[in-house]
Amino acid sequence: MSEIQAEVKKICQTCGNDRAKMMDIVRAVQQKFGQVSSEAMNLIAKCVGCHRVEVESVVSFYAFLSKKPKGKVVIRLCNDVVDKMAGVDAIAEAFKKELGIDFGRTTPDGKISLEYTPCIGMCDQAPAAIINDEVITYLSTDKVKEIVADIKKHYDPSKLKHRLGDGNNADELVHSCVHNGLRKKGQVIFADYKSEAGLKNALAVSPVEVINVVKTARLRGRGGAGFPTGIKWQFTRAAAGEKKYILCNGDEGEPGTFKDRVILTERADMLFEGMTIAGYAIGAENGILYLRGEYNYLRKLLEKILQNRRDKNLLGKNILGKQGFNFDITIQVGAGAYICGEETALISSCEGLRGDPKTRPPFPAQKGYLECPTAVNNVETLCCVTRILEMGAAWFAESGSKGSPGTKLLSVSGDCKLPGVYELPFGVKVKDLLKDVGAQDAQAVLIGGPSGQIIGQNDYNRTICYDDLATGGAVVVFGPERNMIDIAAQYMEFFVEESCGYCTPCRVGNVLLKKYLDKILAGKGEPEDLDILQKLGESIKLTSRCGMGQTSPNPVLTTLKNFRKNYESKVKKVSDGMQPTFDIRAALADGEAIAKRKSVIFTK
Amino acid sequence: MAKPKIATTSLAGCFGCHMSLLDIDERILKLIELVDFDKSPVDDIKEFTGRCAVGLIEGGCANEDNVHVLQEFRKHCDILVAVGDCAIMGDIPAMRNNIPLKECLDEAYLNGPSTYNPEKIIPNDKELPLCLNRVYPCHEVVKIDYSLPGCPPNADILWQALVALLTNKPLELPYELIKYD
């Protein structure tokens, strides 16, 4: 048996030859061999008993997996909008120069690959990159030189020398230079709390009563959509099915969001306690934390905390002496796909499939993970649950604003003096937030990431809450010098990259939106292009299959609304009926070169 | 009052759309009552003689002459209609768009399995229009006012659209006429 045969067999066996563990299998193979080759795919298919195409569809879907060989070291430089604002282009040039290769390439010796990656959740310490699993923040051109020289010595990113971050980032299991950047602690998530008090209170009452407490607290989902958590649990509990699941959405991929990173680093116990309470409430014995691949550097720490909880009977059988309450949590690591933050795509990914969203209904509460009733909750939501059960529903419901009780973690980045995570009560005015972060001169603020809205100064008196400006946590500030059309175009580029391709409005529509923005940016836009952008954007929102396409036109639509003048000053009427974007010289260049003669029709 | 004029052309198309126009059968007599034909393969007028109300374009732009003709149509016609899928989105001719032009020519004239070309000549007379790097749908070259889908759009669609345009009446296209599956 060849090495690859033996290894792949071993990996599949470790995962119980379970088709649903496909993500773990292909991730392990990728890590071992730097690729998931054709041969490996055939072997995996044979071991888990599925078609080879099912393996390949997974491998081809996720950015961190590849059929072609990648270097032993893969440098993924984050090219998010915020990183670009922080000068990532110079960093990119430095990497290219030091490695002698372009992006998307591997060095001739096959040892180092260089790639771009969208937001890795480090916007407050941009520019940043992930090198295998190591996150490197605050990159500079000098630092690039050092890193490349260092890596060429040992080709082991875990040996890279760097200063350690604060808190658990300095833990030997994390050993990361990431800083928490926690600027403001609020009274829910980052206040001092009595650990396991919430869980004990929950286990003292019936599951239905726990759900009632969460309902009375009027807790709404922190991922951005704001669905009432208690109602979601009630549906899941009531749904027919013996096995139920609680899934925690730790895929935090919305560009500009990094608040879950801090929770997972500093409040993992609170999260796991919340998941356990949720499991008790809905009648689940299994919970899965879906951890985005970019946060894999936290995995060992999280595993240790889970093990501690098992040792203390906070997980496992008859938890804290509660007869018949069995619950445990596993971690599913993703592999670089924004769409997996969408709850049905996240379920697909946990099932070992491509991260394709599923058709709704049935909703996950009825048929979710492996067709079982499933509640999918945000990391922050589950932490709120712990605190609600500790302090009581009334305590929670009193804080924040009327329709949005509690606090919200906001991850602020961009053109501001104090980027980082702020825990603020719901209902905070944008104006006041900007004052806190040192960005009073902001031209625009992106609330809720690119799928949220870009607002201008006229809206700074509005408040952050579900009834006004809803957000999953991302707040990106744009200073007076930024070109907002260009920013919108960059966000559209992101959506074009991340569309799963299943439905046409999202797959094609976003490309067209980007094309029209580029046309306008090139000075070739016409007034009617603005109407086209508007109509096209609305159509995409109306007809897309999942939340991604239903929100992806927002950077365009909200800048069209709030920065209309910027667009209008860029477009001009064309009166000769010709398309200004058609370039006859470029179109003829190849033909003239091949025929070795110049056009006699188009001489200019 | 003089009759309005229409012009038609086939660019990178197969003339199928023009054939479909002829399929209006005896209604062609009514058409002649409604309009005069200017530049068109129907009457073989090669150059525009004046302003036209409607220009019908079949096919996309595969070479420089296509671009030139299309631009002339835009200059001379009040309303331009992209007729058929090639004009609207390039269609079959645009299947070459993902292959570099040189490779296309080599495959067609040198390497194709049924090619007999012992002297290895790729046609390059100076009378031959130069190929474009790819095939462009008409709306990428000039402004297009209307599109009539189909391969080809059937005679009834063409008839209804022309009559509506020329008589300034609302266009009625029943679902059955524009359903292609």
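**Sheet, domains and chain contact in a predicted model**

Reader: In which sense do strand β6 (residues 182-184) of chain A and strand β12 (residues 420-425) of chain A pair?

Author: Strands here are DSSP runs of E, at least two residues, and helices are runs of H or I, at least four residues, both numbered from the N terminus. Two strands pair if DSSP finds at least two bridges between them. β6(A) and β12(A) have 2 bridges, and their sense is parallel.

Reader: What is this model, and how are residues numbered?

Author: This is a predicted model, in which local features need pLDDT of at least 70, side-chain atom pairs count only at pLDDT 80 or more, and totals for chains, interfaces and linings use all residues. Chains are lettered from A and ligands numbered from 1 in the order in which they are written, and residues are numbered along each chain as its sequence is written, from 1.

Reader: Which residue of β12(A) is the bridge partner of L182(A)?

Author: Look at β12(A) from both sides. Strand β11 (residues 407-414) of chain A pairs with β12(A) in the antiparallel sense over 6 bridges. There, S411(A) has V421(A) as its bridge partner. For L182(A), the partner in β12(A) is V421(A).

Reader: How many residues lie between β11(A) and β12(A) in their hairpin?

Author: The two strands are antiparallel, with 6 bridges. The hairpin they form has between them 5 residues.

Reader: Which are the edge strands of the open sheet?

Author: The sheet has 6 strands with mixed pairing, in the order β6-β12-β11-β17-β14-β15 (chain A). Within it, β11(A) runs parallel to strand β17 (residues 474-478) of chain A, joined by 4 bridges. An edge strand pairs on one side only; here these are β6 and β15 (453-456) of chain A.

Reader: How far apart are the C-alpha centres of domain 2 and domain 3 of chain A?

Author: Bounds come from an automatic or database domain assignment. Domain 2 spans 75-162 and domain 3 spans 184-398. Their C-alpha centres are separated by 33 Å.

Reader: Which element of chain B gives the most to the side that touches chain A?

Author: In this contact, 19 residues of chain B meet 17 residues of chain A. α3 (64-76), α5 (101-111) and β6 (131-136) of chain B each supply at least two. The most, 6 residues, come from α3(B).

Note on methods
Contact = placed C-beta atoms within 7 Å.
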